[in-house]
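Biologist: I am new to this structure. Please show me how to read its features.

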Amino acid sequence: MILLRHGQSEWNLANLFTGWEDVDLTDKGREEAAEAARLIQAEGLEFDLAFTSTLKRAIRTLWIVMDGMDRMWVPVRRAWELNERHYGALQGLDKAETVRRHGEEQVLIWRRSYDVPPPPLEDDDPRHPRFEAKYADVDPQRLPAAESLKDTLARVRPFWESEIAPQIRAGRNVIIAAHGNSLRALVKMLDDVSEQDIVKLNIPTGIPLLYELDAELRSTGSRYLGDPEAARKAAEAVANQAKA
């Protein structure tokens, strides 16, 4: 199984809270996705089925990978359950300005605590996902107005158990192109990471994370493809951006 965080997005570059806002990749993000395809091919890996979120930065990352590997025919399942963590009323705000307004300590709690969500959107806020056509078939009560990482895991886990895990048990190789926090939720499950440690985990953009799973879908090992030092520096860059 391959986990892939989308390439750099326009709002990653602008240092804005993104969440469920549907922003696209930058040119660098597209290059990262193309490099991800090369890394997967260099390992001689293929996938039979793809999962992604309903957000274009993850979808486009997957498209670029599939195109680069000449596997555009592979079935794709898009699911809102794999969306990024919903950052509530913080979405669209400049991260540095938010720190100046609310204080570094409070913003750090919103960003890096396991179970404290940011301020929620009001029900009549036009940014609320219940007003978006892509979620028209989802029970509005299930759509978040803000989420913590714990909340994100609570929607990712049932989707994993009902949709992804059965495909892997059936012998299919799977790629999941998603987001920093939805992938962090999967890593917490697969590696049984503690609540304290998972919030410190940084997943770099555009570098495939390969998991080997046993018959019980327990991780027997994972590694980033390509140069380990490059992956380490990329994760460190994500950590530094989180402090910005």
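Modeller: Start with a crossing: α6 passes α7 in a right-handed one. A crossing is right-handed if the near helix is turned clockwise from the far one by less than a right angle, and left-handed if anticlockwise. Helices are DSSP runs (H or I, at least four residues), and strands are E runs of at least two, numbered from the N terminus. This is a predicted model: local features need pLDDT of at least 70, side-chain atom pairs count only at pLDDT 80 or more, and totals for chains, interfaces and linings use all residues. Residues are numbered from 1 along each chain as its sequence is written, and side-chain values use heavy atoms, without hydrogens and water.

Biologist: At what angle do helix α6 and helix α7 pack?

Modeller: Two packed helices are described by the angle between their axes and the distance between the axes. Here α6 (residues 149-169) and α7 (residues 180-191) pack at about 70°, with axes 9 Å apart. That makes α6 roughly perpendicular to α7 (65 to 115 degrees).

Biologist: Which residues in α6 meet α7?

Modeller: L149, T152, L153, V156, R157 and W160 do. Contact means heavy atoms within 4.5 Å. Their partners in α7 include N181, R184, L186 and M189.

Biologist: Is H6 buried or exposed?

Modeller: Buried means under 20% relative accessible area, exposed over 50% (1.4 Å probe, protein chains only). H6 has 2% relative accessibility, so H6 is buried. H6 lies in the loop between β1 (2-5) and α1 (10-14).

Methods
Axes are lines fitted to C-alpha atoms, for helices over the stretch in contact, and angles run from 0 to 180 degrees between N-to-C directions. Angles under 35 degrees count as roughly parallel, over 145 as roughly antiparallel, 65 to 115 as roughly perpendicular and the rest as oblique.
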